[in-house]
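The following note sets out numbered points on the structure shown below. Please read each point alongside the model.

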Amino acid sequence: MAALFAFWGSHAAEFWRLVAQHVLLVLLSTGVAVAVGVPIGVVAARRPRIGGPLAALASLIQTVPSLALFGFLLPLPLIGGIGARTALVALILYALLPVIRTTAAGLLAVEPSVLEAADAMGMTLRQRLFQVELPLALPTIVAGIRVAAVVGVGTVTIAAAIGAGGLGDFIYRGLAMVDPTVILAGAVPAAALALLLDGALLALERSIASRKRHARLGVSAAAVTAVILGGVAFASYPRADAIVIGSKNFTEQVVLGELLAQTLERYTTLPIDRRLNLGGTFICDRALQTGDIDMYVEYSGTALTALFKQPVRPDSSAVLEDIRARYAATGRTVLPPLGFNNTFAILVRSADARSRGLTRLSQLATHAPGWTAGFGFEFLERQDGYPGLASTYGLRFREAPKVMDVSLMYRALAGGQVDVVAGDATAGLIDALDLTVLEDDRKYFPPYDAIPVVHAATLLRHPEIRPALAHLDGRVTAAAMRRMNNAVDAQKRDPAVVVREFLDALDRGVS
Amino acid sequence: MISFDGVWCRRGDRDVLREVSFELPEGETLALVGRSGAGKSTALKLINRMLDPDRGRVLVGGRDVATSDPIVLRRQTGYVLQEVGLFPHMTVARNVAVVPTLLEWKVDRIHARTQELLELVGLPAAEYGDRWPHELSGGQRQRVGVARALAADPSVLLMDEPFGALDPITRVELHREFERIQSRLHKTIVLVTHDMREACALATRIGVLHEGRIVALDTPVALSRSPEPAVRTLFDAMSEGTAVTSPREGGLA
């Protein structure tokens with residue numbers, strides 16, 4: 001608990017920015033959903049033949065898991081891409097259904113005698129709608145808005161995966177760092193926000209239904225609060241001309257993203273926008289292609305096999321040449337390697353390794369039938385991942401490998417839930433959790449040299465980027481990377497501080 | 001003032017009104033009486049164009065209503081429903097003010113008119129104006145319904161079973177109110193009821209509808225001597241009514 005408050009205290013500015021972004025995303029999406037959904041609800045109530053299919057479509061959209069919906073939207077022009085815009089589109093689509101449904105239900109529940117009276121008094125259809133039907137349906141509609149807003153608070157946390165900001169940033173960072181404090185730093189205020197919105201809208205709903213005069217006061221107060229929060233959040237979104245730095249969603253990537261960001265901040269005057277913790281390799285790659293992010297650190301082997309679908313090759317410089325050409329052909333520039341090779345590392349508990357004399361992957365086949373493996377989804381699917389590994393080393397485990405979140409895998413191994421995992425050679429947790437890397441004695445894994453990949457147009461626009469990042473060329477050794485990962489993963493230190501210390505040391509000529 | 005000229009009206013696959021013709025002079029109260037489904041409410045709704053006839057003409061003040069804009073016509077015509085249909089999200093005063101507001105009267109005039117009408121129906125604005133419909137009894141609600149119908153001072157008042165949902169004591173009380181108000185305002189009133197006793201008590205003329213036709217139209221006294229079977233049935237039903245429905249002094253709710 002104290003750790004949580006300490007974290008908020010040391011990240012106060014970022015915390016409030018994320019809260020404001022979170023609220024803004026919820027308010028904007030709910031607001032647009034109301035503006036679009038209420039008219040659709042009116043049509044649905046008046047003309048079931050038109051409204052029915054529309055409501056059915058909204059209902060269908062809601063059954064799509066949010067992460068999948070973000071995935072569908074990413075490649076689309078205009079509404080797609082990395083960032084708040086895509087998240088908004090998805091959030092609006094989700095919020096539509098409850099608004100449409102409750103609007104239609106509220107309108108259909110109005111007493112026929114009240115409608116007859118409205119007609120007999122000489123109201124036009126429009127007057128009847130605005131003066132009688134909508135006011136009477138309002139408590140029901142507000143109930144729908146309440147559902148939409150509360151669901152929205154939850155969905156926005158997931159939207160951090162595509163760089164939309166909000167409190168999900170802390171949650172993903174915490175997951176990547178395996179640090180419950182950081183997860184809670186995002187999850188607790190998100191839950192509080194959901195409860196607060198729920199309570200406020202419930203109170204509004206009740207006060208409208210009870211026909212008290214202060215309902216109007218409540219609405220005005222809520223509107224003013226919303227506008228202020230929206231202003232804060234809007235101002236907190238980075239400037240459009242900022243250099244956007246991305247990263248995938250695990251500790252080392254966050255550290256590397258921070259490393260690129262701080263290096264540029266140190267040696268240039270460019271405004272920097274950090275979009276760390278994006279979903280994974282493919283999201284980062286797509287974002288870099290579209291220019292949604294300007295750079296991130298990729299690994300040569302990953303680019304070769306996963307992105308360019310080429311067969312695995314063992315020669316590190318040949319691989320670099322190949323992907324440099326392939327990236328260039330798609331408008332991206334590969335900068336010189338940072339210095340370490342983060343190949344896949346097949347890990348076992350050191351105790352198991354010692355007791356069985358296990359040091360090389362070729363020895364694993366004899367123990368595998370009694371063991372359970374846990375792999376990340378990407379490793380299971382990738383050409384240079386599990387299928388090739390299994391055939392190269394003749395591996396057969398007791399059961400099909402478990403699909404695990406990369407960030408939870410090391411602890412699952414240390415805790416005994418699985419016996420073998422595929423991690424990163426530079427993972428700080430390897431030392432911290434007393435795990436052993438098995439040697440790839442048949443040279444199955446291709447080289448995974450860390451390379452900054454930059455949107456080519458950005459380099460042309462800002463020629464100072466290349467010399468600034470040249471400060472890093474070959475200076476980030478595997479040992480340095482493992483130290484930084486360990487500082488973040490095991491010692492729970494702030495990646496920004498760890499990177500700053502590393503850069504300070506570089507400046508002093510120490511490595 | 002109001003006349004029907006060979007009116008046919010079809011609803012669904014049924015001729016609800018067949019060749020209905022009558023004339024109602026200004027300031028009179030016509031009660032349309034008949035069994036359920038005889039076409040009473042349909043006839044009423046033709047007068048303010050809530051419905052339109054398939055054949056024939058309906059004239060109000062000598063003018064064919066088909067030539068009037070239904071919205072304008074309805075605002076000029078008072079209308080009272082059995083279920084009252086007060087707007088639950090508006091106070092009593094705002095309910096009464098609905099038609100004047102639609103007609104865009106000045107705020108002061110609306111306010112004065114609302115006070116006057118609530119006074120007229122025995123619900124002083126100071127006490128009842130800010131109440132909500134759900135805080136009123138059934139009888140009070142119907143008084144508000146009458147005040148609302150009279151708000152823009154229409155010359156014609158249409159009442160669709162206005163006292164049908166009330167308990168007998170309240171009904172009798174409202175009958176008296178009705179007579180008191182009508183003796184002051186002299187509106188031309190068409191009242192739909194299935195209760196011949198109510199018709200006799202309130203109306204200057206009674207029209208008996210049977211299967212879509214007017215089978216008799218006369219003063220209550222003249223009608224009570226009619227040999228027409230449909231009329232006799234209604235009078236017989238009336239004499240079988242219980243004593244509770246007869247007017248009596250005191251003990252009013």
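1. The buried residues of helix H5 of chain B are Ile110(B), Arg113(B), Thr114(B), Leu117(B) and Leu118(B). A residue is termed buried if 20 or more other C-beta atoms lie within 10 Å of its own, exposed if 12 or fewer, and partly exposed in between, with C-beta atoms placed from the backbone. Viewed down the axis of H5(B), these buried residues fall within an arc of 130°, so they line one face of the helix; the arc is that of the directions from the helix axis to the C-beta atoms. Asp108(B), Arg109(B) and Ala112(B) are exposed, on the face of H5(B) turned away from its buried side.

2. This is a predicted model, in which local features need pLDDT of at least 70 and side-chain atom pairs count only at pLDDT 80 or more, while totals for chains, interfaces and linings use all residues. Residues are numbered from 1 along each chain as its sequence is written, and chains are lettered from A and ligands numbered from 1 in the order in which they are written. Helices (H or I, at least four residues) and strands (E, at least two) are DSSP runs, numbered from the N terminus.

3. H5(B) comprises 14 residues, 107-120, which at 1.5 Å a residue should span 20 Å; the end C-alpha atoms are 20 Å apart, which agrees. The expected span is 1.5 Å times one less than the number of residues in the helix. The buried residues of H5(B) pack against helix H3 (92-96), H4, helix H6 (125-128) and helix H7 (138-150) of chain B. Just after H5(B), Gly122(B) adopts a positive phi of about 80°.

4. The average pLDDT (the predictor's confidence in each residue, from 0 to 100) is 88 for chain B, and 94% of the residues score at least 70. Over residues 242-253 of chain B the pLDDT is below 50, and this stretch has ten contacts in the model beyond near neighbours in sequence. Two residues are in contact if their C-beta atoms, placed from the backbone, lie within 7 Å. For the complex, the predictor gives an ipTM of 0.88 and a pTM of 0.70.

5. At the interface, 16 residues of chain B are in contact with 15 residues of chain A. Helix H2 (70-75) and helix H4 (98-102) of chain B are the elements that give two or more residues to the side of chain B that touches chain A. The residues of that side divide into ten nonpolar, three polar and three charged. Here Ala, Val, Leu, Ile, Met, Phe, Trp, Tyr, Cys and Pro count as nonpolar, Asp, Glu, Lys and Arg as charged, and the others, Gly among them, as polar.

6. Strand E3 (residues 29-33) of chain B has five of its five residues buried, so it is largely enclosed by the rest of the structure. Thr29(B), Ala31(B) and Val33(B) point one way from E3(B), and Leu30(B) and Leu32(B) point the other way. E3(B) runs parallel to strand E8 (residues 188-193) of chain B, joined by five bridges, and parallel to strand E9 (residues 205-210) of chain B, joined by four bridges. Two strands pair if DSSP finds at least two bridges between them. Leu32(B) has Val192(B) as its bridge partner in E8(B) and stands opposite Gly207(B) in E9(B).

7. Pro53(B) lies in the loop between helix H1 (40-47) and strand E4 (55-60) of chain B. Is this residue buried or exposed? With 22 C-beta neighbours inside 10 Å, Pro53(B) counts as buried. Leaving aside neighbours within four places in sequence, Pro53(B) is in contact with Val7(B), Trp8(B), Cys9(B), Leu46(B) and Val58(B).

8. Chain A has 24 helices and ten strands, and 48% of its 511 residues count as buried. An open sheet of five strands in chain A has the order E7-E6-E8-E5-E9, with mixed pairing. Strand E7 (402-403) and strand E9 (435-438) of chain A stand at the edges, each with a single partner strand, so one side of each is left without a neighbour in the sheet.

9. Strand E10 (residues 450-455) of chain A has six of its six residues buried, so it is largely enclosed by the rest of the structure. Strand E3 (residues 295-299) of chain A runs antiparallel to E10(A), joined by five bridges, and Tyr296(A) stands opposite Val453(A) in E10(A).
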